[in-house]
Amino acid sequence: MEAGEPGQRVSIRQVAEAAGVSMSTVSNVLNNPHRVAAGTRQRVGTAMERVGYVRNGAARQLRGAPSSVVGCVVLDTANAYYSEVARGVEDRLVEAGCMLVQCSSDARATRESRFLRLLEEQGVRGVLVSPAGPQLGPYVRLSRRGTPVVLLDHPRDGADLCAVTVDNIAGGELAAWHLIGLGHRRIVFLRAALPSRSISDRTAGIYRAVRAAGLTPSETVTEIPADPPSAIGSMRTAVARLLALPRRPTAVICFNDAAALGAIRELRRSGVAVPGDMSVTGYDDVEFAAELSPGLTTVRQPKYDAGHAAAELLLAEGEPDHRHRERLFRPELVRRGSTGPPSR
């Protein structure tokens, strides 16, 4: 049997006839593949391709089956960090026969809310979200209305939700201890000017390390916001403020690797050598970090693993014994050539 006539949807009956199996077997291949022998699954798959079968997702949902579409709303899909997280999400969803739809909130609660409403209207299987604000109430209400939510890069804080996060307090400590250990006593934290839990936790970690080292926080750390937080484009103003400080710092901790790249570029334009005159650390360890010259010292987050775990939690939401839980990953320092002892 060949593909159906143009404009006509091929039925599972036609697939069954082409594969020489029952309609219930085709249904199991589509909905419960683990119940079907591998050889039979392959024969049915070949028949589907031959006759041009396409699953009717809308009809499937009307029968009570979960959607095969998962939404993901993050602060910025152009950020390499979220690209690597999304790959982990997508690889796990593909295994489950699902697809991913990504959206950027641009760290704006109103834009995020609009995307969440649209995804809910489309009846998606669930939503992964990197919150644009500190309040978790909207995500809890969305989940209670029937659209499961898993938080990305944000702890659940007791909310009735699943979450995947990295210990950002520990990450801030790692970056600060590294610089303190090299002898730096005047450190700038270039932080994103947005209400992000991950940024506030990194800040807390930096100050914790400074206090633990017996140093005075107000004399050791200066915070300079990067606004807008689109990283590279906002670094010119931030670095100009850094260089204008009365006591020039000897090291910089950047809120992510893109910001570090922009900071290094602007420092060099100002005649400041990295790391000779100024040490620079990033955060995330995205792909380009190791390719810079010098290579970027940074705090590595397990981005792919975090995304994979978030998708796993979302897929488990439909299980009858499901309990909300949190996966916490640990960061690690990756030392490269962008940091060294202070020159003065």
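Colleague: Why does Asp 201 count as buried?

Modeller: Its relative accessibility is 15%. The label needs a value under 20%, so Asp 201 counts as buried. Keep in mind that this is a predicted model.

Colleague: What is Arg 197, buried or partly exposed?

Modeller: Partly exposed, at 29% relative accessibility. The band for that label lies between 20% and 50%.

Colleague: What makes Asp 201 and Arg 197 a salt bridge?

Modeller: Their closest N and O atoms are 3.2 Å apart. The cut-off is 4 Å, so the pair qualifies.

Colleague: How far apart are Asp 201 and Arg 197 in helix H9?

Modeller: They are four residues apart, which means a separation of about one helical turn.

Colleague: What makes Glu 120 and Arg 145 a salt bridge?

Modeller: The N to O distance between their side chains is 2.8 Å. Again, the limit is 4 Å. Glu 120 sits in helix H6 and Arg 145 in the loop between H7 and E4, so this bridge ties together parts 25 residues apart in sequence.

Colleague: Why is Arg 145 called exposed, and what is Glu 120 called?

Modeller: Arg 145 has a relative accessible area of 54%. Exposed starts over 50%, so Arg 145 takes that label. Glu 120, at 24%, is partly exposed.

Colleague: Which residues of helix H7 (residues 137-144) are buried?

Modeller: Tyr 139, Val 140, Leu 142 and Ser 143.

Colleague: How do you know that these buried residues line one face of H7?

Modeller: Look down the helix axis. The buried residues fall within an arc of 160°, so they line one face. They pack against H6, E3 and E4. Just after H7, Gly 146 has a positive phi of about 115°.

Colleague: What is the strand order of the six-stranded sheet?

Modeller: E2-E1-E3-E4-E5-E11, in an open sheet with parallel pairing. Strand E2 (99-104) and strand E11 (326-329) are the edges, since each pairs on one side only. From one strand to the next the twist averages 15°.

Colleague: How do you know that E1 and E2 pair?

Modeller: Pairing asks for at least two bridges. Strand E1 (residues 69-74) has six to E2, and the two run parallel. Val 69 stands opposite Met 99 in E2.

Colleague: Which strands do helices H6 and H13 lie across?

Modeller: Helix H6 (residues 109-121) lies across E1, E2 and strand E3 (126-129), at about 175° to E1. Helix H13 (residues 303-315) lies across E1, E3, strand E4 (149-152), strand E5 (162-166) and E11, at about 170° to E5.

Colleague: How many residues does the largest nonpolar core have?

Modeller: It has 43. Those with the most contacts inside it are Leu 190, Met 235, Ile 253, Cys 254, Phe 255, Leu 267 and Val 280. Among the elements that each supply at least two residues are helix H8 (168-182), strand E6 (187-192) and helix H12 (257-269). A second, separate core has 28 residues, including Val 70, Ala 86, Ala 306 and Ala 310.

Colleague: What does Val 280 touch, leaving out residues up to four places away in sequence?

Modeller: Its partners include Val 252, Cys 254, Ile 264, Leu 267 and Leu 296. Contact asks for heavy atoms within 4.5 Å.

Colleague: Why is Ala 240 called partly exposed?

Modeller: Its relative accessibility is 45%. Exposed would need over 50%. Ala 240 lies in helix H11. Its C-alpha atom is 9.9 Å from that of Ala 263, 23 residues apart along the chain.

How values were computed: Residues are numbered from 1 along each chain as its sequence is written. This is a predicted model: local features need pLDDT of at least 70, side-chain atom pairs count only at pLDDT 80 or more; totals for chains, interfaces and linings use all residues. Side-chain values use heavy atoms; hydrogens and water are left out. A nonpolar core is a set of buried Ala, Val, Leu, Ile, Met, Phe, Trp, Tyr and Cys residues joined through side-chain atoms within 4.5 Å. Buried means under 20% relative accessible area, exposed over 50%, partly exposed in between (1.4 Å probe, protein chains only). Axes are lines fitted to C-alpha atoms, for helices over the stretch in contact, and angles run from 0 to 180 degrees between N-to-C directions. The arc is that of the directions from the helix axis to the C-beta atoms.
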